[in-house]
Amino acid sequence: MLERYRTRDLPQGLEPLSEMALDFRWTWNHRADELWNQLDPVLWKLTRNPWLILQTVSVAHLNALAQNGDFLARVAEMHNLWNQEDHAPNWYNQHFARSALRKVAYFSMEFGLSEALPIYAGGLGILAGDHLKSAEDLGVPVVGVGLLFQKGYFRQVVNAQGEQIESYPYNDPDSLPISPLRGATGQWVRIPIPLPGRTLILRVWQVRLGTTTLYLLDSNDPVNTPIDRGITGELYEGGREMRLVQEIVLGIGGYRVLHALGVDANVLHINEGHPAFAILERAHNWMVREKIPDFHHALHVTRAGNIFTTHTPVPAGFDSFDPALFHQYFTVYQKEWNLTDKELLALGRKNPDDMTEPFNMALLAISGSGFVNGVSRIHGEVSRKIFSPQFERWPIDEVPVTHITNGIHTLSWDSLLSDVFWTDKVPKRRMHRDGSSEPVREVLETSDEALWDLRMKNRIVMLEGVQRHLLRQKSVRGEGTPLPFLDPNALYIGLARRFTSYKRPNLLLFDHERLLSILSHADRPVRIFVAGKAHPQDTEGKNFIQEWVHFASDPRSHGTVFFLSDYDMNVARTLVGGIDLWVNCPRRPWEASGTSGMKVLVNGGLNCSVRDGWWEEGYRPQVGWAIGDGVPFENSTRDRLDAEDLYRILEQEVIPDFYKRDDRGIPGRWISRVRESMATLTPVFSTDRMVREYLERAYLPAAELFEARQANGGALARSIDSWKEHLDRNWEGIRFGAETVLEGPEGIRIECPVWLGEIAPEEVRVEVFAAPLEGEAPFRKAMDLVKNLAGARNGFIFGVTVPGKRPAGHYTLRVVPFHEMVKVPLEYGRILWQR
């Protein structure tokens, strides 16, 4: 594919800037910041978009820089460094070059790579962007697929009355750091997909992150109808029909892009249920390639290589579509896929026979994947409960949803000063990434003085950024009043997130008078920065914003609370770079993971949060504070209890620890927490660790299983199909006899006769099972085939010795399917209990 055409010529020596401006590694390489800042410091601070800067900078300034030897040397140095990175051995190639994995296709509705490419709404997109960045750092072969939204998510203006006003500026592709994807002869790559009565043409763009590519689909082609050009208009807005069409474009169109480009991805990773139609298109693609008409067989082959990550903590959060609407758009695909209407709808239904049940994207994803995970330990538990109806008679603990806890790309979220600090302390770790989650000894050995100096300087830089934002915010409102003094020695609390009820962004406002008391202490000044958007249809969320703005404008709180409008990656980076305390107050267990608090770790900020999502795993008294007692939310009483605990923590622990200084002027207890948090939590809650975990637990096994199933035209998958059909026909013939139980010093010996009918003993496992004791996992152990049952056909005595620490009555027996190449119960959920 050809690179993007250049919109202007650059003087000799500056030519590499065009290539570098289109390589998103500048989002995490602070040395590149100096180049763009020198080209246009104002535009760089406002947009963080080097491609836009190259198009607007004057010829005279470019010519002057072309005569600046130091600038030319820095351009050449950075360009050479990136070229060296592209060809240097990476962690993945050093350890897994001979693995079965060829490439991972990572699909997501949104990607948050930079504020210069505003096609994200929040945490899901930021996570997707950080995933690609760490994949590039580690060398894991990943290609991204998403949508190029013309307007993306709304931009926020908050007026003096606290009312949120939504704005939808156009994302001019020519000003974005992206390239049209062009074919070998220079033509723009376009992908056709069928819609009812018409064909939609999708243009393809590419985003580069070193050797990693993100492909973006765009319906805004003049050959499409005006309505169809707007399909990729706005993110997460419009009705159900628009959402369905967007997800068709993402899943089906996205997979057809990869096929057209010859991208050989043997693992498909869908980030949330939005792209799940890619599962169907992948199966169809395999059908066509292998010339096999059976869609179900193709799905059995390809699902082995599919990964589904769910981020949703409540069933209502999954997209679902009315059967009539679904049928309207999928009639043409049913014919391509050789499926009946009922067969297709059954892939996204709990009850295939209920013709009124909506089609659920999460159910499609779980029925078409070989690995399913939530994004934190608690969220894994929540997800197992959500999906348990799909696995009837299986204990919730065995519902096949695991967890891989989210992380953040630390190099994208560290401040310039923190980057210098980490590079100085652990240069090899920073330059040679390996996804290690071990504590950083060099940080643990850092002096109090060095850490406090870093924190003070980070706070000052943050305040400079906040001041610029507030001045611009005032200009938008037409206000000319001067800004209050931002005391660099005060304690700064950050509270920034999506404004919606379950996140409780107003918990600190539960008792206005008590919060005013905290803020009005003359000797221990406290300041609060608040930021976040409410969905345009979330009236309650908008009211939360208004309450904060009204509180901030109260004369009694003047100069202590600031609402920063239009929360985006730039505002987030400013805050997490210098904030002292990050507060998060979700209703447990509805915070799937949460990553905003992770972003302060690398910069020495501390967390005070409800023990939900990632903080349940990260919290220890040595690294921060926990709000509440860990009890799940039940009613508004919990809000009151958690608010009181938050006030208590601030009054009795946070503020005293921050202001209790030794004879050096250093808050010893505070810095002790900073040191422990930076050294132990930063490497754990990073996307380097997360991507490595996906690779080792999901990608590599999925690639191996897919390759095994697809070999010889899917011969293994056909044998698995035959095995399932055989068990289905004969499952009702299995029965248990009366067991014998003998308790002894070595434990409890259980033996039981089992008649398997027409099923061979190697096709199933007879197991003993006991429900989990407090704080433990369920007990599950395969029984041994002791002997054939005398005088019986296919009857056997099975036996096992189990621990005697619990009564024999706690144990029960069961029969489950067994095949080394099948994931039970994810792919085959039969189970027979003794009682």
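The radius of gyration of the protein chain, taken over C-alpha atoms, is 29 Å. A compact globule of 835 residues would have a value near 28 Å, so the two agree. The globule rule is 2.2 Å times the number of residues to the power 0.38. The C-alpha trace spans about 95 × 70 × 50 Å along its principal axes. This is a predicted model, in which local features need pLDDT of at least 70, side-chain atom pairs count only at pLDDT 80 or more, and totals for chains, interfaces and linings use all residues. Residues are numbered from 1 along each chain as its sequence is written, and side-chain values use heavy atoms, without hydrogens and water.

The protein chain holds 28 helices and 29 strands. These are DSSP runs numbered from the N terminus, with helices (H or I) of at least four residues and strands (E) of at least two. Of the 835 residues, 60% are buried, meaning under 20% relative accessible area with a 1.4 Å probe, protein chains only. Contacts are heavy atoms within 4.5 Å. Among those between residues at least 6 apart in sequence, 73% join residues at least 24 apart.

Helix H16 covers residues 377–387. Eight of its eleven residues are buried, so H16 is largely enclosed by the rest of the structure. The buried set comprises Ile378, His379, Gly380, Val382, Ser383, Arg384, Ile386 and Phe387.

Methods
Buried < 20%, exposed > 50% of the residue type's maximum accessible area, 1.4 Å probe, protein only.
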